[in-house]
Amino acid sequence: MSKFNTRKTGFESGIIAGKLTDTAGKYSDYELLRRVTLANMLFESDYYQSADEIMNQIEDLCYRVDGEQIIELALECRFEQKLRHTPLWLLILAHEIHGVPVKDAVAKIANRPDMTMDLLQMLKARNGSYKMSKSIKKGLAKAFDQYDEYQIAKYKKSNLELSLVDVVNLVHPKPTAQNEHALKALIEDTLQPANTWEAALSQGADKKDTFERMIGEKSLGSLAILRNLRNMTETGVSRQTIKTAISQVSSNWLTPLNFLAAQRNAPDFTADIDEAMKNCFAQEKIQGTTILAIDVSGSMGQVTSSQSKFSRMDLAFTMAAAGSYIFEDMILVFTAGNDGNRKGKHMLWSNGKGLGLFNSYQQIYQELGGGGIFTYQLCEWLKEKGYAKDAERLVVISDSQDIDAHYGLDRKPDTSPYKNSYIIDISTHTHGIKTGNWTAEINGWSDKVFHYIKALEN
């Protein structure tokens with residue numbers, strides 16, 4: 001079965017956060033579409049909703065949102081939130097529902113050759129064939145303008161029903177100076193494999209020698225380095241050489257979660273992975289003092305989607321780790337409480353930063369009780385402790401299960417001590433805890449949400 005089959009089932013969908021009370025946030029159709037896409041792994045269920053329900057919501061909302069706005073959102077999904085499938089799906093819906101031209105957007109968003117195969121497979125899953133409009137066909141053809149010989153060779157095969165040569169035969173891209181030879185060789189089946197570690201191993205090269213050669217050449221990609229730290233160790237690559245490889249990691253396409261996955265596979269390199277994360281994410285500092293509050297309630301411990309091995313807590317902690325390098329001065333707070341007596345509990349954290357935070361997760365969770373988040377009580381506590389008076393901004397990372405709002409209490413968080421305040425919602429719930437007290441409610445879980453804060457304040 002194709003991974004792009006448009007009917008998906010997962011674990012049972014529960015009650016959606018924000019639909020429990022009339023005090024849930026009120027949103028425009030465009031805001032709702034942003035919420036359900038910007039933190040979404042398409043075709044996967046999450047804790048509260050099945051994939052079918054999520055995809056139906058996306059499609060229903062696209063009927064109520066202007067086509068050009070959908071295209072803008074697709075671009076944001078790709079280049080700000082670093083999502084791969086969701087932006088392609090939005091382009092298909094925008095074009096099908098509203099008839100807007102998507103040639104340029106397809107060409108820009110499909111910035112890797114394998115995304116052209118993804119889009120065609122989505123079309124087949126939706127409509128039963130690879131038949132496409134002129135606008136999509138021209139967009140796919142134009143996308144090849146940005147691919148060089150290395151990229152075409154790297155992605156010439158896939159685990160889908162079609163390969164890159166099938167795409168070329170369907171859309172007939174016009175050759176450019178940088179890909180003319182590669183396209184000709186691809187069609188003639190004479191294209192040599194790209195210089196990747198997978199290609200080298202498939203040709204019989206020694207794994208240890210391959211890693212050492214590519215690290216020496218600086219030709220091993222950043223994501224490949226992070227994904228293969230355990231492989232390098234097991235094949236006998238020296239610790240110093242592995243540290244050298246980690247120091248080469250540098251990519252705008254990495255997310256904090258990529259570094260967490262690497263750290264879990266190679267915990268003995270945590271300090272080096274932290275340094276690499278700092279090098280990737282600390283290019284632009286956010287000035288002033290920031291209070292970053294992390295929700296550690298029970299719902300945050302659920303996996304982000306039915307096919308993920310990471311929880312929302314993992315996402316929040318990795319964002320806290322990245323934030324420790326992005327915010328010039330950060331006060332880190334963890335918050336949860338007791339749902340039974342509707343009492344919040346909060347903790348100032350000063351015992352380290354970076355990915356080492358995960359070592360203290362159980363301690364933090366047990367001390368705070370694991371109940372929901374209480375934003376009103378959190379803000380009152382920050383004022384009582386004196387943390388609020390010197391902070392320029394408050395940033396809360398949560399999944400929108402606000403117990404104060406859940407019980408319909410007239411207790412809105414007091415964000416007046418701060419110049420700016422933000423709720424970052426890392427879930428895909430259609431409804432959240434928007435109360436009108438926040439400068440902005442932001443959806444997503446890449447480092448770009450912090451960049452959005454900086455851009456908004458500037």
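Tyr30 is placed in helix H1, which spans residues 29–37, where helices (H or I, at least four residues) and strands (E, at least two) are DSSP runs numbered from the N terminus. Although Tyr30 and Arg64 are 34 residues apart along the chain, their C-alpha atoms are separated by 8.0 Å. When residues up to four places away in sequence are not counted, Tyr30 touches Val65, Gln69 and Leu73, a contact being defined by heavy atoms within 4.5 Å. The model is a predicted one, in which local features need pLDDT of at least 70 and side-chain atom pairs count only at pLDDT 80 or more, while totals for chains, interfaces and linings use all residues. Residues are numbered from 1 along each chain as its sequence is written, and side-chain values use heavy atoms, with hydrogens and water left out.

In the protein as a whole, the secondary structure consists of 22 helices and 6 strands. Of its 458 residues, 56% are buried, where buried means under 20% relative accessible area, exposed over 50%, and partly exposed in between (1.4 Å probe, protein chains only). Among contacts with a separation of 6 or more, 76% are made by residues 24 or more positions apart. The accessible surface is about 19600 Å², and 46% of this surface belongs to carbon and sulfur atoms; such areas come from the Shrake-Rupley method with a 1.4 Å probe, and for residues only the protein chains shown count as cover.

The largest nonpolar core holds 65 residues, of which Met232, Phe259, Ile294, Phe334 and Ile424 touch the most other members; a nonpolar core is a set of buried Ala, Val, Leu, Ile, Met, Phe, Trp, Tyr and Cys residues joined through side-chain atoms within 4.5 Å. Helix H18 (residues 312–326) gives the most to this core, contributing 10 residues. Apart from this core lies another, of 56 residues, which includes Ile54, Leu91, Met132 and Leu186. With residues up to four places away in sequence not counted, Phe259 touches Leu226, Val249, Leu254, Ile273, Ala276, Met277, Cys280, Phe281 and Leu355.

Ser421 belongs to strand E5, residues 420–425, and is buried, with a relative accessible area of 2%. Beyond residues up to four places away in sequence, Ser421 touches Leu394, Thr415, Asn437, Trp438, Thr439 and Ala440.

As for the cysteines, Cys62 is buried with a relative accessible area of 0%, and Cys379 is likewise buried, with a value of 1%. A search of the whole structure for disulfides (pairs of cysteine sulfur atoms within 2.5 Å) finds 0 of them.
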